[in-house]
Amino acid sequence: MLDPAVVAAIDARLAADDAARLAAYPGPPAGRQPVHTVYVPADLFQPETLASWGRQAAASVATHGPLESISQSLAERVDAKLAREPIEDLRIDFEDGYGIRSDATEDIDVRAAATIVGLGEPGTVPAFVGLRMKSLEDPTRLRGIRTLDLFLETALIAGGLPDGFRVTLPKVSSVEQVLAMVTLAEALESTYAITPLSIELQVETPQAVLGPDGTALIARMLHACAGRCVGLHYGTYDYSASVGIAAAHQSMEHPAADYAKAVMQVAAAGTGVAVSDGSTNIVPVGTPAEIRAAWALHYRLVLRSLERGFYQGWDLHPAQLPTRFAATFAFFRAALPSSAARLRAYLDKQSSGVLDEPATAKALAGYLLRGLDSGAVDEAEVAEAAGLTPTALAELAGRQL
């Protein structure tokens with residue numbers, strides 16, 4: 001029989017490692033993850049932006065629809081979503097979508113946008129909202145810091161920061177930039193007596209993916225955020241251009257994009273940090289044929305991302321909302337019966353022809369939760385199919401509601 005002292009010594013030896021791993025990898029992201037992030041240039045953000053995008057999206061379908069390959073019941077679900085919550089996550093853009101303006105002009109736009117967010121009138125701010133500041137690279141560093149500072153000051157004076165507020169840091173290219181962002185966040189939190197700021201890192205440079213020593217630098221960046229990082233967002237076109245992809249071939253589905261996103265996905269796994277795919281710049285405008293072709297492309301790309309475990313992406317135009325929601329709803333509804341049946345069989349210890357592992361049961365529960373969060377399925381449907389409440393699903397998935 002093994003000496004108990006050996007077992008005790010091994011257990012003691014690994015205790016610190018257990019604690020460190022749990023701190024670095026606490027589990028899946030807590031709460032709901034939005035299905036998309038809508039980027040709106042700061043000067044175009046208005047109190048009616050959410051409603052306007054919903055109306056424009058619905059009008060596009062009414063004029064050029066119906067969307068192909070979806071049922072009438074799914075189309076009705078999309079219509080209801082556009083009326084109820086056309087934008088889940090909004091990023092007020094002070095970077096590429098906004099461009100370089102004079103300091104006076106940007107200050108005016110910062111104050112106007114921050115006032116809307118701070119007031120938080122019904123229908124003006126979605127469940128998730130934030131701003132994309134300019135990068136901390138030398139040419140834009142000081143302007144980026146000033147914009148964030150002024151935004152927070154103005155929003156707090158107007159009424160406060162809403163739950164779900166986050167700051168997107170673009171063009172991250174070094175761990176030192178992330179550490180500087182943490183220092184900035186700490187200073188702002190102290191200055192304004194606010195809770196820790198949530199930060200998203202935008203992966204759009206090859207230096208963020210692979211460091212000079214050959215390591216996956218994005219993993220170090222994520223862990224350097226001191227618990228503030230809530231998301232990694234892929235930047236399709238900046239990244240593609242930076243690795244030499246010709247403009248005609250820059251795409252979310254280019255092999256170079258898939259490699260970068262795979263590194264992001266592995267770096268974020270188990271950390272509680274969500275990953276988001278990027279965007280397509282082929283938007284549904286132009287002739288009816290061009291609009292329908294753009295819809296077909298967007299629908300296919302959204303499904304492709306979902307199949308690869310990227311449950312969030314960027315939308316840049318109101319007419320992309322119908323296909324965002326249609327593809328998302330179709331994805332989660334398609335496997336509802338089989339997923340619920342497998343989960344019920346797992347819990348009942350029945351033979352279903354599939355011998356699922358605990359990790360698969362966890363993934364099945366997470367899948368059903370995401371379907372509920374997105375509005376693709378209803379609680380009653382899940383309860384009937386799987387016999388589980390959202391609380392029970394969250395417990396199985398190891399996720400906080």
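Visitor: At what angle do the axes of helix α2 and helix α11 cross, and within what distance do they come?

Guide: Bearing in mind that this is a predicted model, the axes of helix α2 (residues 49-64) and helix α11 (residues 288-307) cross at roughly 120 degrees and come within 11 Å. An angle of 65 to 115 degrees would count as roughly perpendicular and one over 145 as roughly antiparallel, so α2 and α11 are oblique to each other. The crossing of α2 and α11 is left-handed.

Visitor: Which residues make the contact there?

Guide: On the α2 side the contact is made by Ser60, Val61 and His64, and on the α11 side by Pro288, Ile291, Arg292 and Trp295. Sorted by class, the contact of α2 with α11 has 4 nonpolar, 2 polar and 1 charged residues.

Visitor: What about α5 and α6, how do they pack?

Guide: Helix α5 (residues 141-158) packs on helix α6 (residues 175-192) at an angle of about 25 degrees, and their axes are 11 Å apart. Since angles under 35 degrees count as roughly parallel, α5 is described as roughly parallel to α6. Their crossing is right-handed.

Visitor: And which side chains or residues are involved in that one?

Guide: From α5 the contact takes in Ile145, Leu148, Asp149, Leu152, Glu153 and Leu156, while α6 contributes Met181, Leu184, Leu188 and Tyr192. By class, this contact of α5 with α6 has 8 nonpolar residues, no polar ones and 2 charged ones.

Visitor: Let's change topic to the core. How many residues are in the largest nonpolar core, and which have the most contacts inside it?

Guide: The largest nonpolar core has 103 residues, and those with the most contacts inside it are Ile92, Phe151, Leu201 and Leu232. Helix α12 (residues 321-334) supplies the largest share of this core, 8 residues. As a general background, nonpolar side chains tend to be buried together in soluble globular proteins.

Visitor: Take leucine 232, then. What does it touch?

Guide: Leaving aside residues up to four places away in sequence, leucine 232 touches Leu201, Ile218, Leu222, Met264, Ala268, Val273, Ala274, Val275 and Ser276. Leu201, one of these partners, is also among the residues with the most contacts inside the core.

Visitor: Now the backbone. Where is the cis peptide bond?

Guide: The peptide bond from glycine 65 to proline 66 is cis, with omega near 5 degrees, and proline 66 is found in the loop between α2 and α3 (72-84). Serine 69 is in the loop between α2 and α3 as well, and its phi is near 65 degrees, a positive value in a residue other than glycine.

Visitor: Is serine 69 buried or exposed?

Guide: Serine 69 has a relative accessible area of 71%, and because the cut-off for exposed is over 50%, serine 69 counts as exposed.

Visitor: And lysine 171, what is its phi, and is it buried or exposed?

Guide: Lysine 171 has a positive phi of about 50 degrees although it is not a glycine, and it is found in the loop between β4 (165-169) and α6. With a relative accessible area of 14%, which is under the 20% limit, lysine 171 is buried.

Visitor: Last one: where is threonine 391?

Guide: Threonine 391 is in helix α16 (residues 390-397), where it is exposed, with a relative accessible area of 54%. The C-alpha atoms of threonine 391 and valine 182 are separated by 34 Å, and the two residues are 209 residues apart along the chain.

Key
Residues numbered from 1 in each chain as written. Predicted model: local features only at pLDDT ≥ 70, side-chain atom pairs only at ≥ 80, totals over all residues. Heavy atoms only, no water. Core = buried A, V, L, I, M, F, W, Y, C linked by side-chain atoms within 4.5 Å. Buried < 20%, exposed > 50% of the residue type's maximum accessible area, 1.4 Å probe, protein only. Helix = DSSP H or I, 4+ residues; strand = E, 2+ residues; numbered from the N terminus. Contact = heavy atoms within 4.5 Å. Axes fitted to C-alpha atoms, helices over the stretch in contact; angles between N-to-C directions. Left-handed = near helix turned anticlockwise from the far one by under 90°. Nonpolar A, V, L, I, M, F, W, Y, C, P; charged D, E, K, R; others polar.
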